[in-house]
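Trainee: I would like to learn how to read a model feature by feature. Can we take one together?
Mentor: Gladly. Here it is.

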Amino acid sequence: MSDQACPYDLCDGTGFRVDESTRTAYECRCRPIVVARAQTSSLSSVIPKRYRGMSFDRPPVSGMPPTVVRPVRRFCERIDENLDGGRGLSLFGTVGTGKTTLAMIVAQAALDARRSVAIYSLPRLLAEIRTTYEEGSEHSHVDLLDRLSAVDLLHVDDVGAERTSPWVLEQLYALVNARYEAERSMVITTNILDPDKLREQIGPRTVSRLSEMCEPIPLTGTDHRLEPEARLPPPRAGTAGEARGGLA
Ligand SMILES: Nc1ncnc2c1ncn2[C@@H]1O[C@H](COP(=O)(O)OP(=O)(O)O)[C@@H](O)[C@H]1O
Ligand SMILES: [Mg+2]
């Protein structure tokens with residue numbers, strides 16, 4: 001028995017079915033899901049408490065500019081197709097404009113579609129990679145990279161927040177390049193609006209790959225963390241066209 005049910009209700013969750021007449025085991029339709037789950041089981045796939053239960057129909061998302069929400073909603077409506085096609089999103093804007101909220105909605109849509117998801121802030125992801133170099137580490141560096149490359153959706157929050165060092169740039173490049181080559185989807189958020197600044201911060205090779213993988217979605221506005229009343233706003237119109245272009 002497995003602790004996870006078969007999504008198709010065909011096997012006991014192990015990914016194998018048994019033909020009783022011949023007493024032979026054969027692969028269930030859910031086997032690829034079981035394998036992906038096992039490969040990525042040690043990764044963080046928990047939506048942080050603050051962002052749980054978010055919905056397009058409720059504040060704060062229902063109050064965000066439609067120009068921002070529409071492409072995210074469209075992406076979620078075709079989540080399987082987008083993940084299979086290796087397509088992702090890059091949400092960029094100043095602090096408190098709702099980037100992480102929208103990225104978490106995408107992660108939730110992928111989890112709801114029973115896809116494997118890993119959710120990390122970039123500083124935390126790099127810290128995790130760093131621990132693989134420590135003596136007695138549970139996972140090797142290659143093993144962690146393999147897992148991060150195999151997951152259906154990798155959400156990396158706060159790209160560019162980490163102080164740049166050649167080591168950081170190389171780790172990030174290795175990961176983004178592995179996902180780029182495997183045509184795996186990424187959703188990223190960043191506070192860096194200026195593409196040149198982003199290239200300077202995380203490296204041109206990484207930015208180039210991310211721009212091909214991720215549709216840019218600019219978010220503008222004030223820091224909603226500073227306006228508690230703005231968390232339950234009536235829907236308001238707004239535009240998102242002022243920022244200069246994220247990964248473009
Ligand atoms: N457009 C908005 N209207 C109202 N509240 C918002 C809006 N965008 C974000 N918030 C709220 O502001 C806080 C910060 O949102 P978050 O998504 O973490 O921002 P970012 O990742 O851009 O810094 C959260 O409490 C969120 O619910
Ligand atoms: Mg954020």
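Trainee: Is arginine 23 buried or exposed?
Mentor: Buried means under 20% relative accessible area, exposed over 50%, and partly exposed in between (1.4 Å probe, protein chains only). Arginine 23 has a relative accessible area of 67%, so this residue is exposed. Keep in mind that this is a predicted model: local features need pLDDT of at least 70, side-chain atom pairs count only at pLDDT 80 or more, and totals for chains, interfaces and linings use all residues. Residues are numbered from 1 along each chain as its sequence is written, chains are lettered from A and ligands numbered from 1 in the order in which they are written, and side-chain values use heavy atoms, with hydrogens and water left out.

Trainee: What is the phi of arginine 23?
Mentor: Most residues other than glycine have a negative phi, and most peptide bonds are trans. Arginine 23 has a positive phi, near 55°. The residue sits in the loop between β1 and β2. Arginine 114 also has a positive phi, near 60°. That residue lies in the loop between α4 and β4. Its relative accessibility of 48% makes arginine 114 partly exposed.

Trainee: Which peptide bond is cis?
Mentor: The bond from proline 59 to proline 60 is cis, with omega near 5°. Proline 60 belongs to the loop between α1 (31-39) and α2.

Trainee: How many helices and strands does the protein chain have?
Mentor: Helices (H or I, at least four residues) and strands (E, at least two) are DSSP runs, numbered from the N terminus. The protein chain has nine helices and seven strands. Buried residues make up 46% of its 248 residues.

Trainee: How do I read strand pairing?
Mentor: Strands of a sheet pair through backbone hydrogen bonds, either parallel or antiparallel. Here, two strands pair if DSSP finds at least two bridges between them. Take β1 (residues 16-19) and β2 (residues 24-27): they run antiparallel and are joined by four bridges. Arginine 17 has tyrosine 26 in β2 as its bridge partner. The two strands form a hairpin, with four residues between them.

Trainee: In what order do the five strands of the open sheet come?
Mentor: The order is β4-β5-β6-β3-β7, with parallel pairing. At the edges are β4 (117-121) and β7 (214-219), each pairing on one side only. From one strand to the next, the twist averages 10°. Within the sheet, β5 (residues 153-159) and β6 (residues 185-190) pair over five bridges. Valine 156 has isoleucine 188 in β6 as its bridge partner.

Trainee: At what angle do the axes of α2 and α4 cross?
Mentor: Two packed helices are described by the angle between their axes and the distance between the axes. Axes are lines fitted to C-alpha atoms, for helices over the stretch in contact, and angles run from 0 to 180 degrees between N-to-C directions. The axes of α2 (residues 66-77) and α4 (residues 99-112) cross at roughly 15° and come within 10 Å. The pair is therefore roughly parallel (angles under 35 degrees). Contact means heavy atoms within 4.5 Å. Val68, Val72, Phe75 and Cys76 in α2 meet Leu102, Ile105, Val106 and Ala109 in α4.

Trainee: How many disulfides are there?
Mentor: A disulfide is a pair of cysteine sulfur atoms within 2.5 Å. The whole structure has zero. The closest cysteine sulfur to that of cysteine 6 is in cysteine 30, at 3.8 Å, too far for a bond. Cysteine 6 is buried, at 5% relative accessibility. Cysteine 214 is buried too, at 3%.

Methods:
Angles under 35 degrees count as roughly parallel, over 145 as roughly antiparallel, 65 to 115 as roughly perpendicular and the rest as oblique.
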